[in-house]
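Good morning, everyone, and thank you for making time for this short talk. Please have a look at the sequence and the model before I go on.

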Amino acid sequence: MQWGGLSDQFDEHEREYGISLQLLRFFRQIRYPVSMSTKGTWWTEDERYVEQFRGAEHFNLKFSILTVDEETARKIEVLAPSPEERLAAMARAAKWGIGGVTLRLRPFVIGVTTPSYLELIERAADAGAEAVSTEFLCVEKRAKRARRRFEVIGRLAGYDLMKMYTQASKGQSGYLRGNREMKRPYIDAMQEQCDKLGLRFYVSDAHFKERCANGSCCGLRPDWNYSRGQFTEALLIAKRRGKVKWSDIAPGLVYAESFGFGKAEGFNQSTSERLAAHWNWSMRDYVRREWNNVNGGHSPYKYFGGVLHPVGKDESGDVIYEYRGDE
């Protein structure tokens, strides 16, 4: 289970109410594998929390940091602990004997992260991190409240953020994620730095996901119980073998056969007509449809930016993809 990322389970509300502490005790008791993302630090010096982590190999921790520059971080990550505080918390956590500590280097913002990103990776390695997971900033043109934050980030980066992303995201509308070439030099440099320091490297960004050390893009160890029934796993299978079939990842989606697509509460299903048409589908059916819809935005071909190419169909009529990486 992924816990945190869009909200922080170790924020100031947690200090007051302690709900995450209750959940930690439960997850430790049943030994449920949980990967946690946080910017919080105070709890790493609270023995009630440390006690739940100590020796818990089924707990993984990711500390989110986008720059080591204190002033820049303060202006973007309002009210968050400083980068130095987070690195210190990472160093404490690395001594607890848990299932790994990861630097969550995101969002990667050209002009904000770039002055210090290689130093940040080195500092994380010194603090005991074993992996780095990165993802570039994406911009939502339709957002209203977030636009003010984009303007602040753009001023700190030294360019018009919305204009740059619009120009770099040809063919995209609304949600803009740039292109491979604008990211390539930074991905190359991060991977080289990780290799030099003995860290596993992961890319959650759709571009260059083929650089991941294994099929978990968020930095989990290869032996962790993460889902193998997903497209990143397929991408890495194709990278190793040259091609990948639906049958290579289908066994990892057995659990999704009993989960109804029509009942996926909160899942973006676009229109009520689409929901009604696929009400009886399982989530496995949905994933298979996206696999075979090669020109759809969520297909392995489109989503990974052409690294996987459709080259035919197998005996069951499912698309076969060929790896065409450009590393």
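Let me begin with a convention for sorting residues: Ala, Val, Leu, Ile, Met, Phe, Trp, Tyr, Cys and Pro count as nonpolar, Asp, Glu, Lys and Arg as charged, and the others, Gly among them, as polar. What we have here is a predicted model, in which local features need pLDDT of at least 70 and side-chain atom pairs count only at pLDDT 80 or more, while totals for chains, interfaces and linings use all residues. Residues are numbered from 1 along each chain as its sequence is written, and side-chain values use heavy atoms, with hydrogens and water left out.

I will start with the second largest pocket. A pocket is an open set of points, on a 1 Å grid over the protein atoms alone, where a 1.4 Å probe fits and where protein lies on both sides within 12 Å along at least five of seven lines; its lining residues have an atom within 4 Å of a point. How does the lining of the second largest pocket divide into nonpolar, polar and charged residues? There are 17 nonpolar, 7 polar and 11 charged, and of the 35 lining residues, Gly5, Leu6, Lys39, Glu77 and Pro107 lie nearest the centre. The largest share of this lining, 4 residues, comes from H7; helices, such as this one, are DSSP runs of H or I with at least four residues, strands are runs of E with at least two, and both are numbered from the N terminus.

Most residues other than glycine have a negative phi, and most peptide bonds are trans.

Next come two residues with a positive phi. Arg31, in the loop between helix H2 (19-30) and E2, has a phi of about 55° although it is not a glycine, and Phe208, in the loop between strand E8 (200-203) and helix H10 (231-241), has a phi near 70°. Are these residues buried or exposed? Taking buried as under 20% relative accessible area, exposed as over 50% and partly exposed as in between, with a 1.4 Å probe and protein chains only, Arg31 is exposed at 53%, whereas Phe208 is buried at 0%.

Finally, in helix H13 (residues 283-292), the buried residues are Met283, Arg284, Tyr286, Val287, Glu290 and Trp291. Seen down the axis of H13, they fall within an arc of 160°, so they line one face of the helix, the arc being that of the directions from the helix axis to the C-beta atoms.
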